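Let's walk through this protein together, one region at a time. Keep the picture open as you read, and find each residue as it is named.

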Amino acid sequence: MKVLVTGGCGYIGSHTVVDLLNDGYEVIIVDNLSNSKIEVLDKIKKITGKSVTFYQYDLCDKEKLESVFAKEKIDAVIHFAGLKAVGESVQKPLMYYENNLFSTINLLEMMQKYKVYKIVFSSSATVYGSPKSLPIKEDFPLSTTNPYGTTKLMIENILTDLYKADNSFDITILRYFNPIGAHKSGLLGEDPNGIPNNLMPYIVKVATGDLPILSIFGDDYDTEDGTGVRDYIHVCDLSYGHVLALKNPQNGLKIYNLGTGKGTSVLELVTMFEKVNNVKVNRQIAKRREGDIASCYASNEKAHKELGFTCKYTLEDMCKDSYNYVKKNTNL
Ligand code: NAD
Ligand code: UFG
């Protein structure tokens, strides 16, 4: 089975490509490398011993995208490509709407034209806005607070309308909670350029001495220790969820949360990181970050029941693997 992976050089995409190759799938990647590096392809080969077919194309370029569909006999698509920085999306909303929506519409048009009906789409827990209760279930009301999140919700709506109009499509929407961690080999992981926005990349940079101190955004939330609670999931558990989604015999439009089902506070994560890596992470309490919610964690029951989804990795693994990746990829 030949799978087109858009954004396959990125953080979650590259881990999923490894799982697909290990599972015997053939992989085609389309990625414009706007937020990833070509070296990822060699690293995927090093881990799996297998090669992928790569096109450095922008999905917004419809002609180039069509050339891929015309040449390759694609059976299914996993669509990771997109811009994902919440803060940047507030500053540059048009860039986010253009990139995330045009690319997806082009992709779906090509799929329809070339009769490729199976798609797995990367959505996000951000579509739940501020949840009314916890854990969050797939049928909770949806709302967003920033342009990035709105692109995810708009794409979910586009997919829903498309399925209503043409139910040859077989669509899986995966709502990710907070992916962290890295491949055990230390070859694949996440190391954003500049100052990170997300917690784990920030912790790692403080641990390596690249940044002086972690600001904990608020210790007055209604949570056990006052700091924000999230559902951190190892990227390798998350990536395998995509393979399970491809294997799911159930057709139609399906939506699943991918999270561990467990909430962890900022303080718990920092403390665990220090313990397992035997490093100090300087920190201070700062004021709340605008737009943040107190707590967010998944009910993963549906994914467990229908996909057989389970999480193998612990919070210790996530902390170890995140640090290991950055240590191996910088000259400390
Ligand atoms: P990433 O930035 O590492 O990977 C995305 C990839 O898509 C990059 O390699 C980038 O170069 C490519 N890309 C972007 N726009 C493109 C375009 N127009 N044409 C071709 N390639 C393009 O991000 P990630 O963390 O691997 O996330 C993958 C997907 O999962 C994204 O859609 C993201 O919104 C979603 N998601 C991520 C998180 C998270 O915390 N990482 C959480 C929820 C959802
Ligand atoms: N935090 C800090 N200090 C930091 C960074 C974060 O205290 O320097 C705290 C936040 O306040 C929050 C927690 O750490 O309580 C997690 O924050 P992240 O920025 O790592 O993650 P978010 O839950 O805010 O959002 C992320 C992605 C979204 C995505 C969401 C769910 O950025 O795009 O996970 O998948 F929608």
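Predicted model: local features only at pLDDT ≥ 70, side-chain atom pairs only at ≥ 80, totals over all residues.

Now find helix H5, residues 93-113, and helix H6. Their axes come within 9 Å and cross at roughly 20 degrees. Angles under 35 degrees count as roughly parallel, and so H5 is roughly parallel to H6. The crossing of H5 and H6 is right-handed.

Which residues are the closest to ligand 1? They are Ile12, Asp31, Asn35, Ser36 and Tyr148, out of 26 residues that surround this ligand. Look at the oxygen atoms of ligand 1: a polar side-chain atom of Asp31 lies 2.6 Å from one of them, and Ser36 also places a polar side-chain atom 2.6 Å from a ligand oxygen. For Tyr148, an N or O atom of the side chain is 2.7 Å from an oxygen atom of ligand 1. The protein covers 95% of the 830 Å² of accessible area that ligand 1 has on its own. Helix H1 (11-22), strand E5 (118-124) and helix H6 (147-165) each give two or more residues to the shell, and E5 gives the most, with three. By type, the shell around ligand 1 holds eleven nonpolar, eleven polar and four charged residues.

Two backbone details are worth a stop. In the loop between strand E2 (26-30) and helix H2 (40-48) you will find Leu33, whose phi is near 60 degrees, a positive value in a residue other than glycine. Pro135 sits in the loop between E5 and H6, and a cis peptide bond joins it to Leu134, with omega about -5 degrees.

Finally, turn to ligand 2. It is surrounded by 22 residues, and the closest are Ser124, Phe177, Ser215, Arg230 and Asp292. Here the backbone takes part: an N or O atom in the backbone of Leu199 lies 2.8 Å from an oxygen atom of ligand 2, and one in the backbone of Tyr176 lies 3.1 Å from a ligand oxygen. Arg230 brings a polar side-chain atom to 2.7 Å from an oxygen atom of ligand 2. Taken alone, ligand 2 exposes 690 Å², and the protein buries 88% of that. Strand E8 gives the most residues to this shell, four.

Technical notes. Residues numbered from 1 in each chain as written. Chains lettered and ligands numbered in written order. Heavy atoms only, no water. Near = heavy atom within 4 Å. Polar contact = N/O pair within 3.5 Å; in protein donor to acceptor, adjacent residues only side chain to side chain. Areas by Shrake-Rupley, 256 points an atom, 1.4 Å probe, with all protein chains shown as cover. Nonpolar A, V, L, I, M, F, W, Y, C, P; charged D, E, K, R; others polar. Axes fitted to C-alpha atoms, helices over the stretch in contact; angles between N-to-C directions. Parallel < 35°, antiparallel > 145°, perpendicular 65-115°, else oblique. Left-handed = near helix turned anticlockwise from the far one by under 90°.
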